Each structure stands twice: as C-alpha cells, then as structure tokens.
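Please find below a note on the model under review.

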Amino acid sequence: MIAVVDYGLGNINAFVHVYERLNIKILVARSAADLQNTSKIILPGVGSFDHAIGKLNDSGMREVLDDRVKNKSVIILGVCVGMQIMAQSSEEGTLPGLGWIDAVVKKLDVSTLKYKTHLPHMGWNTIYPPNGNPLLKNFNNNARFYFLHSYYFQCNNPNDVIALTDYGVRYASAVHHENIYGVQFHPEKSHQAGIELFKNFMGL
C-alpha cells in the first residue's frame with residue numbers, strides 16, 4: 001500500500017487524483033496507525049521549513065515515520081518542502097530537520113539571477129538526470145517540471161544527487177540515498193512528466 005502523509009501541508013488531493021488516474025490505490029495517512037502497513041510513502045510539503053517540521057512533529061506520525069524509513073527501509077519520496085525537511089537543517093529556520101540525508105537547505109542567491117522575477121523560483125524548468133536513476137527512468141535532458149521554492153537542497157555527498165536544475169546556480173532538484181528519495185519540484189502539478197515519475201516511484 002502506498003500512503004501520502006497528511007500532516008496539514010501540501011495538496012493531498014492532487015497526489016490522490018494522480019494515483020486514481022493510474023488505477024493505483026493510495027491511502028491518505030493522518031495517524032501513526034495509518035502508516036504501519038505501508039510499502040511506500042509520499043511526504044509532501046509547502047511553506048517554510050520550521051513550519052513544516054513543526055507540523056510533522058505535532059502530527060503524531062514523526063516517530064513511526066522515522067521507524068518505517070530508518071529501521072524498516074520503507075521507500076519514501078519527499079516533495080518540495082517534504083524533501084527539504086529530510087535534511088539536517090535549513091538556513092530558513094532554526095529547528096533541526098529529520099536528518100535522513102546528509103544535507104543542508106540554503107537560500108537561492110538572488111545576486112546570481114538574471115531574471116526580473118528573482119524569488120521564488122516559480123514555474124517550469126528543466127531537470128538534468130546525470131546517472132539514470134530508476135526514479136527518473138525514461139526521462140531525458142528535456143524533462144520539465146513545475147517548481148515553486150526559494151531554498152534549495154545541498155547534499156554533502158554528491159553521490160546522493162540524481163538530477164540537477166539551473167536557476168542562478170545549478171542545484172540538486174532530485175536526490176536519492178538508500179530507500180529515501182526527494183524532488184524539489186512538484187510532480188503532482190507537472191502533468192504527464194509528473195505522472196511518469198509517480199509510475200516510476202511505484203516500480204522502485
């Protein structure tokens with residue numbers, strides 16, 4: 001069973017609609033008990049780092065998520081801020097992240113941007129899959145996804161980076177460490193490319 005974590009952030013219905021379109025059953029997890037028998041988990045997120053990690057900590061699901069991901073090796077996909085809170089910390093806040101990936105979250109440097117609209121990075125952009133990771137199977141260097149963020153994920157281990165995107169700097173737009181995956185973009189808002197990514201996630 002695949003579950004999307006509803007801790008009060010993210011467009012949960014958008015994820016549900018994608019999987020309904022694929023005729024794949026998905027559970028909306030709102031309690032620790034909901035997560036106990038899941039084989040794959042999606043962790044969405046929008047807004048600020050501290051607000052997101054605080055909401056997750058208060059949801060009653062943090063402990064079971066840690067256990068499922070770190071001890072049971074359940075495959076998880078973090079989306080946008082859901083990916084960012086997998087890091088150790090963020091320049092956006094003061095609270096510690098989940099610490100599932102050796103990474104920090106940094107603010108995009110507006111001095112490097114040539115665009116009139118600097119931040120947030122909002123709209124469609126290209127990802128560059130450097131190593132053929134199965135999450136990005138069948139995507140080429142023209143794959144485009146929808147982004148909405150002002151902070152980016154910086155891995156301390158470059159081997160954890162599976163896709164890059166340019167926006168003033170070239171940053172990690174998709175990451176993978178053991179059973180943990182994350183994407184900075186919003187596949188649930190990325191039309192056919194997003195559907196293909198969710199299909200790939202199911203096949204992991």
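The points below concern the overall architecture and then helix 3.

1. The model is predicted: local features need pLDDT of at least 70, side-chain atom pairs count only at pLDDT 80 or more, and totals for chains, interfaces and linings use all residues. Residues are numbered from 1 along each chain as its sequence is written, and side-chain values use heavy atoms, without hydrogens and water.

2. The protein contains 5 helices and 12 strands (DSSP runs numbered from the N terminus: helices are H or I, at least four residues; strands are E, at least two). Its radius of gyration, 16 Å, is close to the 17 Å that the globule rule gives for 204 residues, so the protein is as compact as a globular protein of that length (taken over C-alpha atoms; the rule is 2.2 Å times the number of residues to the power 0.38).

3. Of the 204 residues, 52% are buried (under 20% relative accessible area, exposed being over 50% and partly exposed in between; 1.4 Å probe, protein chains only).

4. In helix 3 (residues 62-71), the buried residues are Val-64, Leu-65, Arg-68 and Val-69. They cover an arc of only 120 degrees around the axis, which puts them on the same side of helix 3 (the arc is that of the directions from the helix axis to the C-beta atoms). Glu-63 and Asn-71, on the other side, are exposed.

5. The buried residues of helix 3 pack against strand 1 (2-5), strand 3 (40-43), helix 2 (49-58), strand 4 (75-79) and strand 12 (180-183) (contact means heavy atoms within 4.5 Å). Just after helix 3, Ser-73 has a positive phi of about 60 degrees.
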